[in-house]
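Biologist: Could you take me through this model? I would like to begin with how the chains meet.

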Amino acid sequence: MMPHILLQIIFIPALTSIFIFLGRYQIGKKAGWIAGGSLLYTTYLLSLAWLKIYQGGPNIYEEYLLIEPGIRLALLGDGLSIPVAFIANVLCTVLAFYSIHYVDHRIEIIYEGIDERRYDSYYTRFYYLFLFFPMGFMGISFSANLLVMYFFLEALTVTLYFLMAYFGYIERVKIAMMCLLWGIFSAVFFLAGSLLIYSQLGSFAISKIPALAGNPLTFWIICVFLFGLFAKLAIFPFHVWMPWVHAEHPTCIAGLLAVYANIAAYIIVRVLVLPLYNDFQVFGIPIMVMAVITMIYGSFLTMAQTDIKRVAACSTISQIAYSMLGLGALTMVSIEGGMFFFLSHIMGKTIFFSTAGLVVYTTGIRDIRNLGGLARKMPITALLWVCGAMMLSGFPPFSSFTAEWIMFTGVFERGASNSTALIVGIIGVMAILLTVGYAFLAVKNVFYGPLKPHLEGEAIKDPPLTMCVPLILLVALSIVLGMYPKIVMNLLHPVIGGALIPS
Amino acid sequence: MDIQFAWLCLIFPLVGVGLTPVLARIHPTLRDYGAVFFSGLAAFSAVTLLPYLFDQPSKLPIESVYVWLDAPIKVSFGILIDPLSIIIANVVAVISFFIMIYCLGYMKGDSSVMRFWMLMNAFIGSMLLLVLANNLLFIFIGWKLVGVCSYGLIGYYYRDEQKYWIGGPPPTKYAKPTDCGLKALIVTGVGDMLMLGGILIMFYYARTLNILELYQTSAVWIPEMAKSPGLIVLVSVLLLAGPIGKSAQFPLHEWLPEAMAGPGPVSALIHAATMVKSGVYLVARLIPIFYYGYWVAGCSEALTFFTLTAWVGVITAFLAASQGLVSLELKKALAYSTVSQIGYMMLALGVTGFSQGILVSGYAAGVFHLVSHAMFKACLFLCAGTVIHTAHSIYMHEMGSLKKYMPYTWFFMTIAGLSLMGVPPLPGFWSKDAVLASCLASQNYSLFIAAVAAVVFTSFYTTRMMGMIFYGKTSENVKHLEEKRAHLGEGYRTQTFACGVLAIALLVVGVLGLKFEHFFHGVFEYNLVEQLHLPVQHAEGNASHLFVPILSVVCVLLGAVPAYFLYIAGKWNPDTILQRSSFLQVFHKFFWERWYIDAFYNWFFVRGAVNLSNLVPPVAEDPWDKVVHKWMPSFITKGGYALLRFMRADTRDLTYNVGYILVLFIFFIIVTVWGLK
């Protein structure tokens, strides 16, 4: 086994980032390939770690003393963190390659007429900022310590701020600020919760949190955490930032934004549900109800959108709520399903968003009413979009179907003993129909029908291979996980099942 | 001759999907014949399973199982071969193969035919997965996949060119293929999702989704489920929603008439012969469970499943047949007929639970009608495809006297049409007779009367259809085509061949009809009674034996004779009769508007959802966004600034300074008083 594997996975992107920054004028447009290469390497490392755990190896634990006496960087690679990190990393890799052309195009539009040196500076800037995303995601996934987790949460927020402000769409600076404030808002609550835990336990270690069980303060600690994390997850009524942010950010990081929001579901499982399962019970039904409200509200909101990017944004609101429904049901099966759904959703959303990006990249049009009939000109893009729509709506053979099925098995298990949960479950499965509605309606409006006259030009065609191939591979990955879910479930189950069965 | 063939049956079409793009790169002809070849292999594999039914029924059921997932829930994937799955797999694979042969001619020259072949083979593979899977989850996977393929094939002409629009003629609205595809996906989706709920609730109690295990352990889990009052009713409703949606039964039947927007053979394959039967198949799969629940475990709620199935079936049979009476579009008339005929199958399966004497006869009747319907309806649709191609019109009133141009198609379509009407000795007669006999045996006479009324309607609309296409006056449209010297004749040889094979098969099955009926009866009796140990009573010889066939023939005549005079002999003019009678006009309008159900759904669900979604931003999202992103920040910044202004010591305003001092004093006093306490 590779030494310091987790440390490498987290910090190699950061080191690559520094490297790109230092050599920015020499590297220029090669930055995308370098970033992609470094992420391919970390993906390889993650596959090694995955394989090791899959074969029943022990959890990977690494600890580094940062400052005497007790500030440590504690990292844990187990069956829960590795799949999350792996999928997030794969998405980062896919989007790094996807961005090679996209960023080029974006800079041409925003910073029209700049000289080559400044161009290189902007181009490399995208990548050295971008690489902090994988660092942040890997950091959050592997943190065994609340403070370390907080650090990576904030790192993501700051990275997002700069990327958005430099490369976003029309109101990018204002929205970047809004996004930063929301990010800090949730991180502050996370920090407050962590400090409350520290006040009770004298430690930030996640492994110590079970000692809080039964503590009268636990209820309030969970409340503080959930308050912050709901804002990150964009659960109704904390969702208002999502449409803005998704509408204005550069589409090439859209998939990462879905991870940015949805990773809070992982944090909830890791920090709250697993260690404090019994104390968390009171939150179960309210979370389910909130989730189902968000699902329906988000779907209707999506249907009302005419901006292709906002469609994807509002759909994220509704989709994230699905995984929350699974968590809220609080059965072993539903939590494992919810986590699997989280992974499936971020893959689906990456496809959906990035394909929307392909359309915007090619046509320069965001208003769906001005699009139509593109399937004739862009068959691969159309096919990818249909796959994205199927992934969001939970169609087999994609992993979201399997995940949804496992999750709802858990939800109905809960429903057998609780009629509210049963009603929520039935409404929940019916709400999937709204997803089918808006996702396939968008397919129809954008790709089917007669081709609009202003789209006749020769420039309207499928984008270059570096943009399509990574997405096609991602679709293939989703199919593999959907057809052979053991790959994920055999990792998740020992951790989640192992933590819950005794209680 | 073993279970490997069942696996191959499933795998071949999927291999075909993968290989089609490769073959397309080599040569277009290879692509076309390759696709048909793989469906042929699937058909061959299915046929190799048939000997089990004849020689070794005791060896059935056979299962082949692989563990698919073991944590957090254990699910195995496998194949189940039993009489039901063998029969339906053969219907699917063999009829699909002939339809694929037909497509060789029909799709000639189509620019995106590769997509067509891939979707067709994907459909066949998914349908076979649905039929052969041993487990409700995998049945559901196949179920969803056939839905997606059907969506892709209905909307095959995705450019929505006007020539592919259906509906009309004005003032009735047209529908575009892509809208129709979406409609099918969503309407069947309603059923799918509810069914998923039902399956999962059942899973909670049974802890398995394996069909045989569900049967075997029903003694344990059904009573357990019955402890929660109303739960079995809920599960029955949820589980039936899926078949109701997929098999286009009332109230989820409205998608099928629009599903005809796809190419002709697609309508034949998916929306007549196979996919729409999956609901019937699933109901047949579930019957042993609910039958056990009602007749053995004594859970009275389990009867809901049967009552609901029977009533949904008969209402649909009647409703759709009535709409078929007035339809002008050829394929839509056939679609209504499909909906109506599936209603009969549901009816037969529904009455199985009404009494212990009907289980086997009802079950066998439902499946027999499924098989015969698949044959004659596939043939009708394929012939319709050729006719529409020739007449360059989807409307029957733009055809007329086509018999002289296409004698073969006329002959084949007549055989299939007579079978649909229920004319002896064609298969439709035997199977419909069996359905009616089971229905009568249930002694539920209101069901029986409605079913018989639908027979009259069926006979009328079929005769009308044949008359309008092949007899009567030549329409202006056909005259115009003649003047243009357009090709007015048979389709490609592959098309005629496929229709011919199906028509001959109908004749053969028809002549051996009674034997087939007995065969089905015997096979299912062995399966349900001997193997699954379901209790039955053997019916005493009853009077219905001759009564039903005679009544059935009388009803056929009741419908066919007036239609003959109206549309074939041309003695009466239907338009004049309609214009004279306001009574008939009301009914005509009501049936033409599809009982206003479609209009209601559009108004309530489609417009409702759109209006609701348009309301969300102005009513909820924007105001809340304003509160969070405008008022709150401005409150914090402006309020903070005002607060700062209040709080600074040097305000140059005496009132404020006095105020501060006062507040400070009060504070000190409170603290002191508190401290003294």
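Modeller: This is a predicted model. In it, 42 residues of chain A are in contact with 37 residues of chain B.

Biologist: Which helices of chain A each supply at least two residues of the side that touches chain B?

Modeller: They are α12 (277-303), α14 (332-363), α16 (399-417), α17 (419-447) and α19 (486-500) of chain A.

Biologist: And which one gives the most?

Modeller: That is α17(A), which contributes eleven residues to the side of chain A that touches chain B.

Biologist: How do the residues on that side of chain A divide into nonpolar, polar and charged?

Modeller: On the side of chain A that touches chain B there are 29 nonpolar, eight polar and five charged residues.

Biologist: Let us turn to chain A as a whole. How many helices and strands does it have?

Modeller: Chain A has 19 helices and two strands. Its C-alpha trace spans about 65 × 55 × 45 Å along the principal axes.

Biologist: What does the radius of gyration say about chain A?

Modeller: The radius of gyration of chain A is 22 Å, which agrees with the value near 23 Å that a compact globule of 503 residues would have. Of these 503 residues, 63% count as buried. Among contacts in chain A between residues at least 6 apart in sequence, 81% join residues at least 24 apart.

Biologist: Why is helix α10 of chain A described as largely enclosed?

Modeller: Seven of the eight residues of α10(A), residues 241-248, are buried, so this helix is largely enclosed by the rest of the structure. The buried residues are A:W241, A:M242, A:P243, A:V245, A:H246, A:A247 and A:E248.

Biologist: What do those buried residues pack against?

Modeller: The buried residues of α10(A) pack against α7 (146-167), α8 (172-201), α11 (254-273) and α13 (308-329) of chain A.

Biologist: Now the backbone geometry. Where is A:P237 found?

Modeller: A:P237 is in the loop between α9 (218-233) and α10 of chain A. The peptide bond from A:F236 to A:P237 is cis, with omega near 5°. A:A234 is also found in the loop between α9 and α10 of chain A. A:A234 has a positive phi of about 60° although it is not a glycine.

Biologist: Is A:A234 buried or exposed?

Modeller: A:A234 has 29 other C-beta atoms within 10 Å, and the cut-off for a buried residue is 20 or more, so A:A234 is buried.

Biologist: What is phi of A:L330 near?

Modeller: Phi of A:L330 is near 55°, a positive value in a residue other than glycine. A:L330 lies in the loop between α13 and α14 of chain A, and A:L330 is buried, with 23 other C-beta atoms within 10 Å.

Biologist: Moving to chain B, how is it divided into domains?

Modeller: Chain B is divided into domain 1 (3-592) and domain 2 (618-676). The C-alpha centres of domain 1 and domain 2 of chain B lie 74 Å apart.

Biologist: How do α4 and α5 of chain B pack?

Modeller: Helix α4 (residues 83-106) and helix α5 (residues 113-132) of chain B pack at an angle of about 170°, with their axes 9 Å apart. α4(B) and α5(B) are therefore roughly antiparallel to each other. Among the residues that make the contact are B:I88 and B:V92 of α4(B) and B:I124 and B:L128 of α5(B). The residues of this contact comprise eleven nonpolar, two polar and no charged.

Definitions and conventions. Residues numbered from 1 in each chain as written. Chains lettered and ligands numbered in written order. Predicted model: local features only at pLDDT ≥ 70, side-chain atom pairs only at ≥ 80, totals over all residues. Axes fitted to C-alpha atoms, helices over the stretch in contact; angles between N-to-C directions. Helix = DSSP H or I, 4+ residues; strand = E, 2+ residues; numbered from the N terminus. Parallel < 35°, antiparallel > 145°, perpendicular 65-115°, else oblique. Contact = placed C-beta atoms within 7 Å. Nonpolar A, V, L, I, M, F, W, Y, C, P; charged D, E, K, R; others polar. Buried ≥ 20, exposed ≤ 12 C-beta atoms within 10 Å, placed from the backbone. Domains from an automatic or database assignment. Rg over C-alpha atoms; globule rule 2.2 N^0.38 Å.
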